[in-house]
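Work through the exercises below with the sequence and the 3D structure at hand. Each task is followed by a solution in steps.

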Amino acid sequence: MQLTRRSPLTGGPLAYTVLIAATVVFAFPFYWTLVAASRSNSELSAATPALTPGPNLFHNLGEAVQQAAIGTALLNSLIVSAAVTAGVVLSSTLAGFAFAKLRFRGRGVLLALTVGTMMIPPQLGVIPLFMVIVKLDLQNKLPSVILPSLVSAFGVFFMRQFLVQALPDELIEAGRVDGASTLRIFLSIVLPVARPGMAVLGMLTFMATWNDFFWPIVALSSQNPTVQVALKSLGQGYVPDQSVVMAGALLGTLPVLLVFGLLGRQIVGGIMQGAVKG
Amino acid sequence: MATTTPPALSAGRGPEPPVPAAPAAKGRPRRSGRLAPYGFVAPFFVLFAAFGLFPLLYTAYVSLHRVELQTADRMDWLGLQNYTRLLDDPFFWKALGNTFTIGVLSTVPQLLMALGLAHLLNYRLRGRTFFRVAMLLPYATSVAAATLVFAQLFGRDYGLINWVLSSVGLHPVDWQAETWASQVGVSTIVTWRWTGYNALIYLAGMQAIPGELYESAAMDGANRWQQFRHVTIPGLRPTIVFTVVVSTIGATQLFGEPLLYEGSSRGGISHQYQTLGLYLYEQGWSFFHLGRAAAVAWVMFLLIVVLALLNAAIAARRNRTDR
C-alpha cells in the first residue's frame with residue numbers, strides 16, 4: 001500500500017471547497033437523523049422545520065426501544081455479527097493460507113470457483129435457503145441468519161491476497177526444516193503474520209453483517225429481530241411517528257458509527273487495499 | 001448471505017500478482033502432509049457448498065414447480081409455467097424497466113462523482129485522512145437506516161427538500177407518487193451510500209499510476225485536464241471496469257431502498273419504483289408464491305450474466321482500439 005506516496009499535485013482552494021461541500025452532503029443525513037430524533041412529530045410537520053436538535057431525544061429513544069423491541073434487536077445483531085465475523089475470519093484465514101502457500105491438486109479450479117461465485121448476488125439463492133431453514137425449524141431463530149453467512153468467498157480471496165504478499169516462503173520453509181506439521185506452521189507462523197489482514201476483514205465483515213437487510217427480514221420476524229428488521233417494522237407502522245423512526249435509525253447506526261470513528265482510518269486503508277490497482 | 005449491495009470490495013483483480021511457487025517439499029511428504037491443504041479449505045467449502053452453491057442451483061429446480069410459502073416442502077411440477085406467467089405480468093415488465101432506469105440514475109452519476117472526488121483526494125491536501133474517512137461515512141450506515149432518513153427528507157408535505165425548494169420559489173415535488181421523482185429519490189439513496197466508497201477504490205487505483213507519467217505529460221505541455229484525460233483515465237481502466245461491473249450487479253438486485261422508501265413491497269402506488277429484487281420479494285413473501293419468486297431469481301441471474309458479458313465485451317473492445 002502506498003497511502004503516503006507524494007501526490008503529483010497540490011490541492012488548491014477549489015479542491016478544498018468541493019471536498020468540504022461533499023463532506024457536508026455526506027454528513028448531513030446523520031445530523032438530520034439527530035435533529036429529527038430529538039424533536040416531536042408535530043415539530044417535524046411544522047411549516048418551518050426545526051434545523052437544530054431539540055429536547056426529546058431520550059423520550060423518542062425510549063419509544064423506539066418499546067415499539068420495535070430494539071433492545072432485543074441490538075443484542076441479536078451483536079450476537080449475529082460477532083458469530084459471523086469469527087466464522088468468516090477463521091475459515092477465510094485457513095483457506096486463504098492454503099490457496100496462497102500450499103500446493104495441492106485442484107487448487108486452481110477451487111480458487112477459480114471461489115472467485116467466480118463472488119459475483120453472484122446472494123439473493124438468487126434465497127428461496128431454497130428459506131425452504132431449508134423451514135425444514136430445519138430454524139425460522140425466526142438466530143442460527144438461520146448466522147449459518148449461511150459463516151463463510152465468505154470474498155474473505156477467502158482477501159486473505160489469500162494478503163498472505164501471498166505478507167508471508168515470506170522462507171518462514172514456512174524454516175518451519176518445515178524444524179519438522180513442524182502444516183497445522184503447527186499455521187498456528188505459530190501464519191496466524192501472527194495474518195493478524196493485520198484478519199483485523200481488516202473482521203471489521204468489514206462486522207459492518208456488512210450488522211447492516212445486512214434482505215436475508216434477515218426473510219428469515220426473522222419482528223418478534224425476534226436484528227436491528228435492521230426492527231427498523232423495517234418501525235418504519236411500517238400505520239402512521240409512523242417520524243421522530244421515533246429517526247430515533248430507531250439513530251440507534252441502529254450508532255454502534256457502527258462508533259466503530260467507524262475509532263477505526264475509520266484502518267477501514268479506509270482496508271478498502272483501498274482490496275481495490276483493483278491498474 | 002452478506003449484504004444485498006455488493007459486499008465489501010474487490011473481486012476480480014486486474015493483473016494477478018504472481019503466486020510465488022511453494023517451497024518444494026524435501027523428500028516425499030508424509031501422507032498427512034499431502035492431505036493437510038484439503039483440511040484447511042474444507043471448512044469453507046463445506047459451508048459454501050451447503051449455503052452458497054446448493055441454493056443457487058436448487059433455485060432453478062424450484063422455479064419449475066409450484067411452491068407456496070405456507071407449504072414450503074410441497075412441490076408440484078409446473079414446467080416453464082412460472083416463467084410464462086411472469087412474462088404475462090405487466091408488473092414484471094414494469095419492474096424490469098424500473099430496475100434499468102433506477103440502475104442508470106444511480107450508477108452513472110455515482111461513478112462520475114466518485115471519479116471527480118478521487119481526483120481531488122489524490123491531491124496533496126491538508127486533512128487528507130479526514131476527507132477520506134468522511135467520504136466513507138455513508139458506507140457505515142445500513143440500507144434500512146439510510147432509506148428511512150431519506151424518505152423523511154423527501155417527504156411531500158413536511159420534507160426538508162421540498163421546504164428548501166419552496167423557499168427558493170420552486171414548486172415542491174411529490175417525491176413518492178411521481179414516477180421520475182420517486183426513482184430519483186431512490187437513486188439518491190444509493191448514490192449517497194456508495195459514491196465515497198467508489199471514490200476510495202478509484203483513489204487506490206490512481207495511486208498505483210507512476211508519478212513519472214504525470215511528469216513527462218507535464219513536460220509535453222499537458223494541462224491538468226489533459227493529464228486527467230490521457231494519464232489518469234487510461235491508468236484506471238481496470239478499476240473502472242471493476243466498479244462498473246460491481247455497481248451494475250448491485251443495481252440489478254436493488255431491494256432495501258425501494259422497499260423502505262414508502263414501506264410497501266409494491267414499490268409505490270402504481271409500482272412506479274418497484275425493482276426486480278422487490279418484485280421477487282413481493283411474489284415470494286407477500287403473495288406466497290415461492291416457485292414464481294424462484295423464476296424471478298433466475299431471470300435476474302441471466303440478466304446479470306448478460307450484463308457481465310456485455311461489460312467484458314466493451315472492455316475488451318476498448319482495449320483493442322487503444323493499441
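A salt bridge is a side-chain nitrogen of Lys or Arg within 4 Å of a carboxyl oxygen of Asp or Glu. The model is predicted, so local features need pLDDT of at least 70 and side-chain atom pairs count only at pLDDT 80 or more, while totals for chains, interfaces and linings use all residues. Residues are numbered from 1 along each chain as its sequence is written, chains are lettered from A and ligands numbered from 1 in the order in which they are written, and side-chain values use heavy atoms, with hydrogens and water left out.

**Exercise 1. Find how many salt bridges the whole structure has over all chains, and describe the one formed by R39(A).**

Step 1. The search over all chains gives seven salt bridges.

Step 2. One of them pairs R39(A) with E43(A); their closest N and O atoms are 3.0 Å apart.

Step 3. Burial is read from relative accessible area: buried is under 20%, exposed is over 50%, and partly exposed lies in between (1.4 Å probe, protein chains only). R39(A) has 13% and is buried, whereas E43(A) has 28% and is partly exposed.

**Exercise 2. State which residue forms a salt bridge with K101(A), and where the two partners lie in chain A.**

Step 1. The partner is D169(A), with 3.1 Å between the closest N and O atoms.

Step 2. Helices (H or I, at least four residues) and strands (E, at least two) are DSSP runs, numbered from the N terminus. K101(A) belongs to helix α4 (residues 70–101) and D169(A) to helix α9 (residues 169–177), so the pair links distant parts of the chain, 68 residues apart.

Step 3. Both K101(A) and D169(A) are buried.

**Exercise 3. Describe the salt bridge of R74(B) and D76(B), then name the residues of chain B that salt bridges with shared partners join into one network.**

Step 1. R74(B) and D76(B) meet through their side chains at 3.0 Å, N to O.

Step 2. R74(B) is exposed at 54% relative accessibility, and D76(B) is partly exposed at 27%.

Step 3. The network consists of R156(B), D157(B) and D174(B).

**Exercise 4. Summarise chain B: its helices and strands, their order, and its burial and contacts.**

Step 1. Chain B contains twelve helices and two strands.

Step 2. Along the sequence they run α-β-β-α-α-α-α-α-α-α-α-α-α-α.

Step 3. Chain B has 323 residues, of which 54% are buried.

Step 4. A contact means heavy atoms within 4.5 Å. Of the contacts in chain B between residues at least 6 apart in sequence, 68% join residues at least 24 apart.
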